[in-house]
Amino acid sequence: MLPEMPIIDRDGRGAVDSRSRGRPASIWILLASLSVLILLLAFPQSPLSWLPSLTRSFATTPNLASAPKEAEPDYSDLFDHILFYLSNYYLDLSRAQPVYLLKRALSAMENAAEEIYVDNADPDKPFIRIHAGDKFIVRSLSRVTTIEGAIEQLKDIFNFLKSNYHGKVSLNEIRYATANGLLSGLDPHTLVFSPKAFKDFSVHIEGEIVGVGMLVGSRDGKLNVVEVLKGTPAQKAGFRRGDVILKIGEESTVNMSVTEAVQKIRGPRNTKVVLTIKRRESPNSDKMETNQITVTRDRVLIKSVESKLLPGNLGYVLVRNFDKNTVDSLKEHIQKIEKESDQKELAGLILDLRDNSGGLLKQAAEMADMFLSSGNLYYIADKKEVAPTEAEDAGNEPKFPMVVLCNQGSASGAEIVIGALQRNHRAVVLGSTTFGKGSVQQLHPLKYDAQIKITVSEYLIPDKISIQENGVVPDLLADRLEFTKKAIDLFPDTHQGTERDIERHIVSKYARHIAPIVKIEYPFIPPEEDPNAPDPFLSGDLKPMDDALVQIASKLLGIAIADGPGKKFRSDLFLASHQAGVEAILQEQYGQIVKLLKERGIDWSAPPDASASASKDGASKDGDSKDGATKDLTSRERPALELSLSHELIVRPPADEDDPYPEKNLLLKARLTNRSGQTIYRAAGISEADYFAYNEQEFLFGKLEPGQTIERAAEITLRPTSASRNDLFSVIVKAPGFDGSLAQATHDVTLQAEEFPEFTYSLTLLDAKKNSPITSLAPGTDALMKARIKNLSKESLKKGVALLKNEQRRDIDLEVGRKIIDDLKPGEVQEIEFKFQVREDSKEEAFKFEFGIVSSHHVTGLSREFEIKAAAGDGKEFKNDEELKAPSIALRMTAGGKEYTAADVLVTDQDFVDLCARIEGNSQPYQAWVTTALLSIHEDDNPDKIYFTRSKEDSQTNEGRPAEGQLSGKDCSFELRVPLKIGQNVISVVATNDLGLSRRKILFARREPVKTVKEVTEKAERK
């Protein structure tokens, strides 16, 4: 028998690397200037030692225990083991569409490695061609009629790869990525964890691990303490918020990533680690002092619960997730706030489960049972039966009234608690509909400490109601209407990022439509956040009464308490008997909304014949009027409304004083005229677009008198674009009392290409004391690395960052590893220096470095890993003054007999374009590939790789070629017919040379009907 993992419900997708290609060689280059928070914790020796062994046995269990422990074992039978678990445990294999699963797997495979691509461009042909570099095989899809057939095809393809693939990404990494592509075709939560990914995942369900207990962040290449947790070794050792960590042990932290720092600070329990830190001598002093602090690692509790005593003897408890300590922590917090109130029991409790993504199912069930003496907690429905779990009467369950807060981030285990308390009438549920993850996953062990997380069942809340994809609908459905400085968000987004929006989500046969009892809308003005302020949850400094939803909850509890102390609380009876009180809260909140809108020049008054019930929702996106008070208006004649759209580009000074780049904004304008003889109330327009920036923008017109015209605008901050593009957006106008659209218009926006920075550089290694070039590093060397950086683009690089990073931090003490590049003009060269020392006792044969340049404004850069051999070591000597740059790419597309470059707007009615690409390796061999993707807010697929090539010897020289970035005639390294889908097609060409330097070029091609093409072309020509 093998031990089984407990049922878990926290999603792990994203932990497995899908190897998105064509980026700079190391992600640290792109993220160097961003702040990241990671808890400095370490795993115990047996991270799963606390997990109980369950009793289920295997009929033909794979022999996993005998697998040897190797650094990189070839897991050739991974797919056999996946098939075993799917066949024996998966909830519903009838969902499996074998050909679809295979295509998902192959899509993940080709995105996992540069040299692999799958030619499946013609959907009418029942075969595919799998390329590995210059080799390929052809396989038929016609015989893939079962999931076993799909698995056999994958095994066959990997046998081909084992002999013919020679890339840098390991075959195992590709295999794990491919497996997750396959499993993603079943549902979004079934997946495989590689050994490393599972180790990272275990932190989130363990709850208690070994570490020092503080959070660190990285900004401007410096590692600093962001938060010190109470009662932890870090606090006892004297660490403070704001400490800059200079060294971990004897290793410099210059340009050290947060993840790397965490790994180095982690360690076994009762061992010590020495951190060298820099801090101000006193809070008001400018002088800095450097200290060494020794801290002993110990068990650290990851906090999942925090609480606060509120006025009126009310308790507020925030639960962020469910780990193995959550229920005990909840009990402790309730006892703590009861002690603070000098009362035997609280008068009422607000249980905040907003943004609680789940965790351990057992903990969720125990939490619900804390407040229930009887009743059903949940059901588990697997492929064979529906089994109930009942509450147990402990005799000490609290009787106080409760309000549970939830939102779209409340998922899985949180939904069990919410559903159990709601359906047993123990608590009023207030908030927005929850995430809707009703599927249950189990972990099963694979070889080499890998794991498969597989959907085995779904849970149902009491009354056998599935929450899968539909979520728990609150008793009081509360829409949060946001009022920021730049915009108003009055309507919930249709694409909300819940389970329903995830591709291939499970549709339950136990689903039932549930409607809320009351709908409440409340205003929300985001507070101005202080980036230097401590995290309120971690510091324990919660201020729940600043939260509008908590205020509403406390008012509801106040009404319940007024019914009399000690009275048994039933949420259904409470809501039925206090409709007037709930209505008063609704009116109060809506009055605040109308007031805030009026302050911004929007008349949101209700029609004069509306009842007292308040709502904004006549302009609901689903077309259904949610305002019962205006149903009598549907008999009116439909008004004639005229809608026109326009846009303008606005350039403003940078929002950040340290940012030299101006802020570019797009102002989308909607102008509505009432051509009818009747007054329209609460009219609103909402945009629809495939490009996320233009989608679901709101134009709040409000009240329109006959003949009146109102113009509203939505402002969007633009991201830099390296290729010109044309996008469509539509605006649909609705109003209370009228079904469907009252007016609709479509508009296109053209964004012109910007010049993105491109660099070349050379490195020179010097002995700092002698100021002379060296080609190797001897122990005790004080070294300088000089970098000469040249701007190849036509625009100045106003602000960039150059970084030098080293791997052997114990042997290399990097003193200066980060430099700001200011205003590097076209063709100009800037020289910068990095300093480091080699330790006297170094025994290394070679030293690994990485050098990179990045423009954070354009989120693009160039990086390369390289080695410098030790003076006494074998290997190549460092090559000084070698000019290094990524391959150059020049692109041209032809559609309808007309040629287009990245600077041109391409809109066509054809189903293909012809792509001409010229790649220059700059005296280095290169490889290049092409991907396509359809821009859509609903697309969830990998880009489709449609071509791969390697350079030929005769293409390595620029002799006789046009200038870089230009094309002449038919001067193409390769030509390719690229298929187009209806909508915005993104065509990417990536080239990388043998030095690991890469470059990407993007083209946009929008395929639309002929009429639209003509209109856009004429408009572009006029401009």
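User: At what angle do helix α4 and helix α5 pack, and how far apart are their axes?

Analyst: Helices (H or I, at least four residues) and strands (E, at least two) are DSSP runs, numbered from the N terminus. Axes are lines fitted to C-alpha atoms, for helices over the stretch in contact, and angles run from 0 to 180 degrees between N-to-C directions. In this predicted model, local features need pLDDT of at least 70, side-chain atom pairs count only at pLDDT 80 or more, and totals for chains, interfaces and linings use all residues. Residues are numbered from 1 along each chain as its sequence is written, and side-chain values use heavy atoms, with hydrogens and water left out. Here α4 (residues 147-164) packs on α5 (residues 171-184) at about 160 degrees, the axes being 12 Å apart.

User: Are α4 and α5 roughly parallel or roughly antiparallel?

Analyst: Angles under 35 degrees count as roughly parallel, over 145 as roughly antiparallel, 65 to 115 as roughly perpendicular and the rest as oblique. The pair α4 and α5 is therefore roughly antiparallel.

User: Which residues of α4 and α5 meet?

Analyst: Contact means heavy atoms within 4.5 Å. From α4, Ile151, Leu154, Phe158, Leu161 and Lys162 meet Leu171, Ile174, Arg175, Thr178 and Leu182 of α5. For classes, Ala, Val, Leu, Ile, Met, Phe, Trp, Tyr, Cys and Pro count as nonpolar, Asp, Glu, Lys and Arg as charged, and the others, Gly among them, as polar. The α4 contact with α5 has 7 nonpolar, 1 polar and 2 charged residues.

User: How do the axes of α2 and α5 cross?

Analyst: The axes of α2 (residues 78-89) and α5 come within 11 Å, crossing at roughly 30 degrees. That angle makes α2 roughly parallel to α5. On the α2 side the contact is made by Leu78, Phe79, Ile82 and Leu86, and on the α5 side by Arg175, Tyr176, Thr178, Ala179 and Leu183. This contact of α2 with α5 divides into 7 nonpolar, 1 polar and 1 charged.

User: Is Asn172 buried or exposed?

Analyst: Buried means under 20% relative accessible area, exposed over 50%, and partly exposed in between (1.4 Å probe, protein chains only). Asn172, in helix α5, counts as buried at 7% relative accessibility. A polar atom of the Asn172 side chain lies 3.1 Å from the backbone nitrogen of Tyr75.

User: Where is Pro544, and which residues does Pro544 touch?

Analyst: Pro544 lies in the loop between α12 (536-539) and α13 (548-562). Its relative accessible area is 8%, so Pro544 is buried. Not counting residues up to four places away in sequence, Pro544 touches Lys308, Leu310, Tyr316 and Val550.

How values were computed. A polar contact is a pair of N or O atoms within 3.5 Å; within protein, one must be able to donate a hydrogen and the other to accept it, and residues adjacent in sequence count only if both atoms are side-chain atoms.
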